[in-house]
Amino acid sequence: MENSKFVDKFAAFAGKLGNQIHLKTLRDAFATVMPLYILAGLVVLLNNTVFKWLFTGDTLTNFQYWGITIANGTLNISSLIIAVMIGYYLAQNRNYSNPLATAMLSLVALVVMMPNTVQVAVDGSEVKSAVSGILPFENIGTGAMFAGIIVALVATELFIRLTKVKALTINLGDNVPPAVGKSFAVLLPVILVISFFGLVSALLFKMTGMNLINLITTFIQEPIRHIGTGLWGAIIIYSLGNMLWLFGIHQAVIYSSILEPLLLINITDNIAAYNSGQAIPHIINLSQVQSFALMGGSGSTICLLIATFLVSKSAVSKNVAKLALGPGIFNINEPVLFGYPIVYNVSLAIPFIGVPALGILISYLATSLGLMGPCVIQVPWTTP
């Protein structure tokens with residue numbers, strides 16, 4: 001009875017965590033932009049391998065130009081894209097009637113926080129000069145994704161709260177076009193929110209000589225990412241996510257909401273570094289975890305299917321394995337989870353949680369020892 005109460009309370013807690021509005025927003029936003037990063041990874045791969053095998057000279061340059069333009073429109077504006085998506089989905093999750101307005105506002109707020117003057121170096125030179133009126137990719141790309149997340153969340157929440165203040169609503173009546181009416185209804189909240197972020201940007205520059213992007217990256221993004229995507233941090237968080245399956249709760253409650261956004265930042269950093277010919281910065285990243293801890297789905301259950309075919313004497317298990325093999329090859333393993341079953345099956349808990357952890361550990365050690373290269377391409381999680 002006590003065990004049943006614990007399971008019920010744990011399931012209720014996990015359900016609340018999974019439905020927490022900001023974590024749910026992150027999950028929705030990153031799921032939406034994932035195709036862009038997969039595309040960016042593929043073109044970077046073509047630019048740095050296939051095209052170099054096939055072409056030389058000006059022909060190579062012309063083909064690589066195609067890949068560079070796509071990388072610039074996807075990977076190198078990551079923070080802008082994610083800010084728009086978070087503004088949109090947070091408004092939807094708050095049941096706000098005009099999510100396009102919050103998406104626009106999030107983008108504007110993030111750009112307002114950008115520095116007016118940046119240090120840039122001309123191609124081929126190591127000397128940097130102060131230049132104004134530009135947005136370098138380093139401030140709007142992968143390095144600023146966490147800043148985009150925070151600014152979008154704060155701007156959207158502040159905007160939605162201000163729109164609920166009747167004194168700030170301008171009502172032009174029913175005789176104007178709906179689009180015009182909506183715009184004027186939120187005019188004052190838009191002015192207040194953007195002015196607030198402009199004031200914060202000006203004060204930061206005046207008092208510290210820095211901008212919010214640098215501050216968030218230095219003091220928030222990097223410490224959290226080093227902890228969450230360090231070897232043991234990734235293993236612990238991912239294992240906790242897999243443990244939820246034992247209670248019939250999807251591991252996305254923890255993994256997709258907490259760990260995956262950090263892993264995604266890491267793989268986009270790796271793609272950008274690979275594209276520019278720099279050292280690959282992160283061993284632990286989204287592709288590494290999916291490739292070595294998600295073999296056959298959560299719990300690396302393709303291993304269980306192989307073991308069933310090799311040594312199992314249970315006709316029931318073999319029949320389930322035959323049905324689960326097809327989806328399992330593409331990392332879809334609900335037939336395994338509920339067919340064996342793994343849910344509420346304590347005897348399978350240790351390998352279900354332990355094998356993926358070993359996959360992360362072994363692949364990390366193999367990469368650290370130079371036995372294989374770090375992952376630099378993001379592929380769909382259903383890739384066999």
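Is C375 buried or exposed? C375 counts as buried, at 16% relative accessibility; buried means under 20% relative accessible area, exposed over 50%, and partly exposed in between, with a 1.4 Å probe and protein chains only. The model is predicted, so local features need pLDDT of at least 70 and side-chain atom pairs count only at pLDDT 80 or more, while totals for chains, interfaces and linings use all residues. Residues are numbered from 1 along each chain as its sequence is written, and side-chain values use heavy atoms, with hydrogens and water left out.

**Cysteines**

- The structure holds zero disulfides (a disulfide is a pair of cysteine sulfur atoms within 2.5 Å).
- C303 is in no disulfide, and the nearest cysteine sulfur to it belongs to C375, 17 Å away.
- Seen from C375, the closest cysteine sulfur is in C303, and 17 Å is too far for a bond.
- C303 is partly exposed, with a relative accessible area of 34%.

**Nonpolar cores**

- A nonpolar core is a set of buried Ala, Val, Leu, Ile, Met, Phe, Trp, Tyr and Cys residues joined through side-chain atoms within 4.5 Å.
- The largest such core has 74 residues, and F30, I86, I149, Y238, V289 and I360 have the most contacts inside it.
- Leaving aside residues up to four places away in sequence, I86 touches T25, L26, A29, I149, A152 and L153, where contact means heavy atoms within 4.5 Å.
- A second, separate core has 14 residues, including W245, L246, L305 and L337.
- In soluble globular proteins, nonpolar side chains tend to be buried together.

**S363**

- S363 lies in helix α17, residues 349–368; helices (H or I, at least four residues) are DSSP runs numbered from the N terminus.
- S363 counts as buried, at 4% relative accessibility.
- Its contacts are Q288, F292 and M372, not counting residues up to four places away in sequence.

**Nonpolar surface patch**

- L172, V180, F184, L187, L188 and I191 make a nonpolar surface patch of about 430 Å².
- Patch residues have over 30% relative accessible area and no salt bridge, and nonpolar side chains (Val, Leu, Ile, Met, Phe, Trp, Tyr) are joined within 5 Å; a salt bridge is a side-chain nitrogen of Lys or Arg within 4 Å of a carboxyl oxygen of Asp or Glu.
- Accessible areas come from the Shrake-Rupley method.
- Helices α8 (178–185) and α9 (187–208) each supply at least two residues of the patch, and α9 gives the most, with three.
- L172 is found in the loop between α7 (145–163) and α8, and counts as partly exposed at 39% relative accessibility.

Definitions and conventions
Patch = residues over 30% accessible without salt bridge, like charges linked within 9 Å, V, L, I, M, F, W, Y side chains within 5 Å. Areas by Shrake-Rupley, 256 points an atom, 1.4 Å probe, with all protein chains shown as cover.
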